[in-house]
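Subject: Two-chain model, handover

Hello,

The structure you asked about is below. My notes on the chain pairing and on one helix packing follow it.

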There are 2 protein chains.
Amino acid sequence: MLLPELKLRRDKIRVLMAQQGIDAALITCNANLIYTFGQVVSGYLYLPLNAPARLFIKRPSTLEGEHIVSIRKPEQLPDLLKECELPVPHKLMLEGDELPYGEYKRLESCFPETEVVPCGTALIRQARSVKTEMEVEMFRRSGIAHTKAYEQIPSVYKAGMTDLQLSIEVERLMRLEGCLGIFRVFGRSMEIFMGSVLAGDNAATPSPYDFALGGKGLDPSLPGGANGSLLQPGQSVMVDLGGNFYGYMCDMSRVFSIGKLPDEAYAAHQACLNVQSAIATVAKPGIPCEELYDLAIETIDKAGFADYFMGVEQKAKFIGHGIGLEINEAPVIAPRIKQELEAGMVFALEPKIVLPTIGPVGIENSWVVTTDGIEKLTNCPEEIVEL
Amino acid sequence: MLLPELKLRRDKIRVLMAQQGIDAALITCNANLIYTFGQVVSGYLYLPLNAPARLFIKRPSTLEGEHIVSIRKPEQLPDLLKECELPVPHKLMLEGDELPYGEYKRLESCFPETEVVPCGTALIRQARSVKTEMEVEMFRRSGIAHTKAYEQIPSVYKAGMTDLQLSIEVERLMRLEGCLGIFRVFGRSMEIFMGSVLAGDNAATPSPYDFALGGKGLDPSLPGGANGSLLQPGQSVMVDLGGNFYGYMCDMSRVFSIGKLPDEAYAAHQACLNVQSAIATVAKPGIPCEELYDLAIETIDKAGFADYFMGVEQKAKFIGHGIGLEINEAPVIAPRIKQELEAGMVFALEPKIVLPTIGPVGIENSWVVTTDGIEKLTNCPEEIVEL
């Protein structure tokens, strides 16, 4: 990646560091290394407030360049900083919500004279929540590739398939369009393969996570998604795979049907589309996320689908979420979230309904906040497509 | 999962807890929850030394049963323990090498009167390193499914394919045989999609991780594996996908060739097979891991392939690794590792060589340690198969 882009990102972090009197950051978790160094390595990006960043690298051992220094273990850091003519920091931030406790303590102990603070994760995630122009361009390309894969879904469906078999063919389409496969998530607990294909009542199986749709999955070691059931006439199927094409987690759901669905399903689907258009009409920089959420609830209440909106027995507590290098970034479009949209934010909006005996309906697209509104990144037909 | 199996596993952990004077464990990381509760949930398994375990669960909200108690936040734990008539622990262990620093500190602060220790990760991983009979049976089934997928590889190859296209077809075969897809790894840094398909010189591209074979990958955000190159006559291709069929990470590599390879490739491949048989002859409970490693090096030195063994520019520092719910468990077969094999351990043995301009050769199988030797779990032909 070009240095001016990396410098832009590092400076976004530095602005936030300066506000908190932090004079250096030590960055070592993958998503943050991709953000600040442009690639995953094993090592540490040391980001001083007032000097160029240094990469202290363990592996790959062959990576060389200006400001790249080889390291075997973190205990060498103080000496290596001295060799780089960098002072020991007064207040150093670490990635306290990502580094395991043991590793955090080890890094902390390398800087006995320094005030070490754990706010690195929160602060870098805040910087990452407003994308650079290049990041928005990566998302545009991801949206196009994601769409191209989904458009081929009807061509891989065969009557008599299970939800799992359909899922596998869609995974293959995504991979052939360039999807990297990895579903990058913030936080230690959420494990997802490439996303989910959910049909019929399986969609209502509650998840261990805060999802509208769960799914039983194939094994208790990986709950969520297809459970191997035959796709039946009268069922809806929602495809919701993560579109990680260039490191950026594009998010998009579309609904298919096995034959025709009962009228209620089309009405519920339309209600979700109406939520989307209502939000797209008012969303722009400065609007608080809670207002968008409240508008969704109001629209759904009027349509009479409140009982089935965002899950049945266990309901998701949001209708949209920021996306970026990870699938769950800021902002979250949820009740009581006062955070306002800003130009450059990218988020997924996913009003969804699960109807008993039929299955999931609704929509999910990825959107970028522009200077005066929001723009859709995942453009393909939104009606229920009969397979 | 049946309670007697879960009790067996919990008791293996309790024995180690007792040795360190620990009277309770709080378990919340996914692999450890699968091990001790049989499924992934969002919540906490509280394991007292001298009373039945309790599950304090956040989600799925519908899960009910004996000793299952609903919880919203960890600060409720002391009161909920009291309601269960369980005492506040004197010495409580947390998963200190997996829990993020922030979460660890939050849990620690819920028990102000307790000595909280971070050794939970190390101790549970020690318990997990020797598998139960049921776990070995899961591995046997995984080995059979893994083999069945690999046997179909020649049928999906088409001349003119790229390494990526072949990888995608093999991923599909694995999924159709039941592979869950998720590649579960211990530690925060290692990110892998389903495994790797490596051809020609791409195999020698150094990895950010301690791997014999790296690969450039498709994007700097996910180094490793196929890079989209055309498969060329005279190249070898190594398929090394993770076989997570029932939660257990079976590991297996096989080598294919595009047309015939130079004689050197077959000789190098045979040298790796010889390492495998030398080790299979002597490995049994009581043998230190370093002896197996030294035997491998001796065998390879005699064959004259030392320069290319386990990588070229950047060499892996092991020839085998324990496997289980995660791909990297104990024991590690590496220099200076005094740990001895025990009956019930399961490990992958992977002597591999990367030959310039040709590509990777060698073998990887998963093995279980029996009472008097080791037994192969991944049984399919080991010669280089011409595509």
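Contact here means heavy atoms within 4.5 Å. By that criterion, 100% of the interface residues of chain B are also interface residues in chain A, so the copies meet through the same surface. This is a predicted model, in which local features need pLDDT of at least 70 and side-chain atom pairs count only at pLDDT 80 or more, while totals for chains, interfaces and linings use all residues. Residues are numbered from 1 along each chain as its sequence is written, chains are lettered from A and ligands numbered from 1 in the order in which they are written, and side-chain values use heavy atoms, with hydrogens and water left out.

The contact takes 58 residues from chain B and 58 residues from chain A. About 4900 Å² is buried between the two chains, with carbon and sulfur atoms giving 58% of that (accessible area, 1.4 Å probe, lost on putting the two parts together and summed over both). B:Y101, B:R175 and B:R188 supply 16% of the area that chain B buries against chain A, more than any other three residues.

Within chain A, the axes of helix α1 (residues 3–19) and helix α5 (residues 120–129) come within 9 Å and cross at roughly 130° (helices are DSSP runs of H or I, at least four residues, numbered from the N terminus; axes are lines fitted to C-alpha atoms over the stretch in contact, with angles from 0 to 180 degrees between N-to-C directions). The contact is made by A:K12, A:I13, A:L16 and A:M17 of α1(A) and by A:L123, A:I124, A:Q126 and A:A127 of α5(A).

Regards

Definitions and conventions:
Helix = DSSP H or I, 4+ residues; strand = E, 2+ residues; numbered from the N terminus.
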